[in-house]
Amino acid sequence: MNSDSAALANPVTASLLGAHAHLGRQLGQAATYLPGVSTFCALPAEPCAQDWSDLAKLLGPGGFADMFSSPALPPPGWEPVFVLEGRQMLWRDSRPLDDRLPASGAAADAPAVAELGPDDVPEMLDLVERAQPGPFGPRTRELGTYLGIRERGRLVAMAGERLRPPGFTEISAVCTAPEARGRGHAARLVRALADRILARGDHPFLHVAEANTGAIALYERLGFASHQKVTFRGFRTP
């Protein structure tokens, strides 16, 4: 795909200026999601001092700037919060998803995969607290479709759609409660989301921490391949 690099080089900017414009706010060339939706921020590829100043105004003093995969570094006075090495993975397999991984979790008595709605947010936040998949707020569900699996009425696994650069949809928040791991829930949810994304003509992609080798192996079995290395950075405004 010739458009891979252009569309995926800065997926936060592409999402905030496109499919997620209604969920963000902008000042000059700086943009960020609304509070509770996401902490991701966007700047031009080579931001100037004014761009950083506009972002600081959007976030307020001591605000958290999650720069995702942006390589740009802020001017002096911004406090570093974290640095995390990761990779971006892109769906590359032309085979049907069911041909790539045995559907061991699709037995007749397997828990159903269900779409999660506004009433499920408290359970989703509780699962995030237990499983720690990464950033997730009370309005993150508004970014796209979220699917979950319940056991005995309790939400034990979920995954959903996050960034939406043109032609692509990111799969994110893939998590399983500690007591329900090893049952194929994550594979079923990623496969179900990828099916939906492909059906509407988008290409699935995702991001994963470089140290999470188990997740990388799962995604490779599902048909994803490494596209590029990324460095996630966070800062606090002056």
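Me: Is Trp52 buried or exposed, and at what relative accessibility?
Reply: Keep in mind that this is a predicted model. The cut-off for buried is under 20% relative accessible area. Trp52 falls below that, so Trp52 counts as buried, at 4%.

Me: And what about Trp78, buried or exposed?
Reply: Same test here: under 20% means buried. Trp78 has 9% relative accessibility, so the call is buried.

Me: How are the rings of Trp52 and Trp78 arranged?
Reply: A ring pair gets described by the distance of the centres and the angle of the planes. For Trp52 and Trp78, the centres sit 5.1 Å apart and the planes are at 75°. Angles over 60 degrees count that way, so this pair is edge-to-face.

Me: How many residues apart in sequence are the parts that this pair ties together?
Reply: Trp52 belongs to helix α3 (residues 49-59), while Trp78 is in the loop between β4 and β5. The pair therefore ties together parts whose separation in sequence is 26 residues.

Me: How many aromatic pairs are there, and which residues do ring pairs link into a cluster?
Reply: The structure has seven aromatic pairs. Ring pairs join three Phe residues into a cluster: Phe40, Phe68 and Phe232.

Me: Zooming out, what radius of gyration does the chain have?
Reply: For 238 residues, a compact globule would come out near 18 Å. The chain agrees with that, so the value is 18 Å.

Conventions: Residues numbered from 1 in each chain as written. Predicted model: local features only at pLDDT ≥ 70, side-chain atom pairs only at ≥ 80, totals over all residues. Heavy atoms only, no water. Rg over C-alpha atoms; globule rule 2.2 N^0.38 Å. Phe/Tyr/Trp six-rings, centres within 6.5 Å; stacked < 30°, edge-to-face > 60°. Helix = DSSP H or I, 4+ residues; strand = E, 2+ residues; numbered from the N terminus. Buried < 20%, exposed > 50% of the residue type's maximum accessible area, 1.4 Å probe, protein only.
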